[in-house]
Amino acid sequence: MTSIVQGACCLLGGVVVSLAIGAPPHALQRYESVGPHMGTLVRITLYAASEDAAKQAFRSAFDRIADLDRILSDYKPDSELNTVTRTAVQHPVDVSKDLSVVLAASQALAGATDGAFDVTQGPVIRLWRAARKTGRIPDPAALTEAESRSGFRKLHVDSRQQTVMVDQEGMALDVGAIGKGYAASEALAVLHEAGIRSALVAVSGDLAFGDAPPGQRGWRIDLHDDDPALASVPRVIELTNAAVSTSGASEQHVDAGGRRYSHIIDPASGMGLVNDIAVTVIAPHGLDADGLDTAVSVLGKDRGLALIESRPDVAALIVQRSNGTTTATMSSRFSTLIGGASPATPRASSRPGGW
Ligand code: AMP
Ligand code: MG
């Protein structure tokens with residue numbers, strides 16, 4: 001066995017690269033690089049034949065993620081997302097392929113969930129973001145006004161023409177529930193094109209990975225931190241060629257009046273979720289895994305599970321906590337996966353974002 005030394009061996013645009021030492025020449029070695037992107041940390045682990053190949057691959061993958069951030073960010077005033085929302089009022093505007101793909105998938109998921117998943121909730125989401133800073137839940141009148149500028153039926157995406165149109169001024173789109181998973185899988189695709197077959201891209205909690213690390217069955221994905229209430233669920237699962245996203249309703253929250261309100265909002269009420277739910281979704285592409293983890297959080301266990309079961313290529317674990325009791329619900333494909341029949345996720349039988 002070669003020894004892998006993790007550490008600050010060299011800098012690549014502010015990014016630390018870990019190098020393998022004592023390896024025979026040309027053997028695949030493990031490299032890791034971390035960089036700040038999309039308001040979070042992106043970690044890429046890959047196996048390459050040389051340090052040069054690894055550096056080049058890191059650069060291309062991080063460039064792709066930076067490009068996507070410029071397109072999809074709702075924080076950057078001049079992102080393509082924000083620009084289009086300002087300019088495409090009542091007339092279609094040409095958009096990039098990436099924006100068209102993400103918004104079309106979002107709208108398809110909005111349709112499949114009766115608007116439980118809704119990227120036009122930007123005005124409402126912004127009020128809840130402010131609430132997390134002030135510690136006070138949004139004023140009802142402000143929520144009503146924000147809701148009047150939201151609603152997925154006011155967004156029109158034409159994938160064929162690659163155009164977007166919004167119905168009214170003052171709308172705000174927020175793809176925070178789906179963009180990171182998309183970016184993880186897209187960065188993985190760039191690595192694939194560079195000849196790197198075995199890699200894992202983690203955009204915060206949104207993971208996308210390819211072939212197994214050399215000599216291993218798969219990438220080891222943590223499902224929980226040894227929670228005794230989840231004894232029926234393995235702590236770690238080994239997978240290849242898939243994406244995994246986890247959404248936690250209580251991850252970011254505001255506590256008020258004895259209740260904990262999540263950063264995920266229910267568009268039906270404009271309120272942050274109060275059910276303590278954590279959803280892990282496994283899918284061929286991060287666009288699906290990320291979109292669905294949020295959608296299932298809003299729909300809740302029963303309707304969420306039905307949505308997951310309607311997709312032949314998706315698996316989910318839903319963990320709910322209430323009154324000190326934790327319940328874990330697994331979709332049928334999740335049970336099969338942890339049965340250990342194969343470390344690979346069922347292959348895609350439909351295109352990403354095709355609900
Ligand atoms: P995730 O961590 O993938 O569940 O995404 C959470 C983020 O999605 C939030 O921080 C909001 O930016 C956005 N969001 C919140 N509620 C919704 C919703 N009902 N539909 C779509 N996006 C949402
Ligand atoms: Mg999500």
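Predicted model: local features only at pLDDT ≥ 70, side-chain atom pairs only at ≥ 80, totals over all residues.
Let's start in a loop: Q90 sits between α2 (80-87) and β5, where helices (H or I, at least four residues) and strands (E, at least two) are DSSP runs numbered from the N terminus. Although Q90 is not a glycine, Q90 has a positive phi of about 65 degrees. S204 is likewise not a glycine and has a positive phi of about 55 degrees; S204 lies in the loop between β8 (199-203) and β9 (206-209). A residue is buried if 20 or more other C-beta atoms, placed from the backbone, lie within 10 Å of its own, exposed if 12 or fewer, and partly exposed in between.

| Residue | C-beta neighbours inside 10 Å | Class |
|---|---|---|
| Q90 | 10 | exposed |
| S204 | 17 | partly exposed |

Residues are numbered from 1 along each chain as its sequence is written, while chains are lettered from A and ligands numbered from 1 in the order in which they are written.

The pLDDT, the predictor's confidence in each residue from 0 to 100, averages 90 over the protein, and 88% of the residues score at least 70. Over residues 1-19 the pLDDT is below 50, and beyond near neighbours in sequence this stretch has 38 contacts in the model. Residues 341-349 also have a pLDDT below 50, with 21 contacts beyond near neighbours in sequence. Here, two residues are in contact if their C-beta atoms, placed from the backbone, lie within 7 Å.

Now for the overall fold. The protein has nine helices and 19 strands, and 43% of its 355 residues count as buried. Among contacts with a separation of 6 or more, 59% come from residues 24 or more positions apart. An example of distance in sequence is P140, found in helix α5 (residues 140-147): P140 and M271 are 131 residues apart in sequence and 9.8 Å apart in space, C-alpha to C-alpha.

Next, the strands, which pair if DSSP finds at least two bridges between them. One open sheet of three strands has the order β5-β7-β6, with antiparallel pairing. β5 (93-94) and β6 (155-158) stand at the edges with a single partner strand each, so one side of each is left without a neighbour in the sheet. Four bridges join β6 to antiparallel β7 (residues 163-166), and L155 has V166 as its bridge partner in β7. Helix α3 (residues 97-112) lies across β6 and β7, running at about 125 degrees to β6; axes are lines fitted to C-alpha atoms, for helices over the stretch in contact, and angles run from 0 to 180 degrees between N-to-C directions.

Elsewhere, β10 (residues 219-222) and β11 pair in the antiparallel sense over four bridges, and R220 has E238 as its bridge partner. In β11 (residues 236-239), I237 and L239 form the covered face, while V236 and E238 form the uncovered one.

Finally, the ligand. Of the 17 residues around ligand 1, G176, A177, S247, I264 and T294 come nearest; a residue is near if its C-beta atom, placed from the backbone, lies within 6 Å. Helix α7 (residues 286-299) gives the largest share of this shell, four residues. By type, the shell divides into eight nonpolar, five polar and four charged residues, where Ala, Val, Leu, Ile, Met, Phe, Trp, Tyr, Cys and Pro count as nonpolar, Asp, Glu, Lys and Arg as charged, and the others, Gly among them, as polar.
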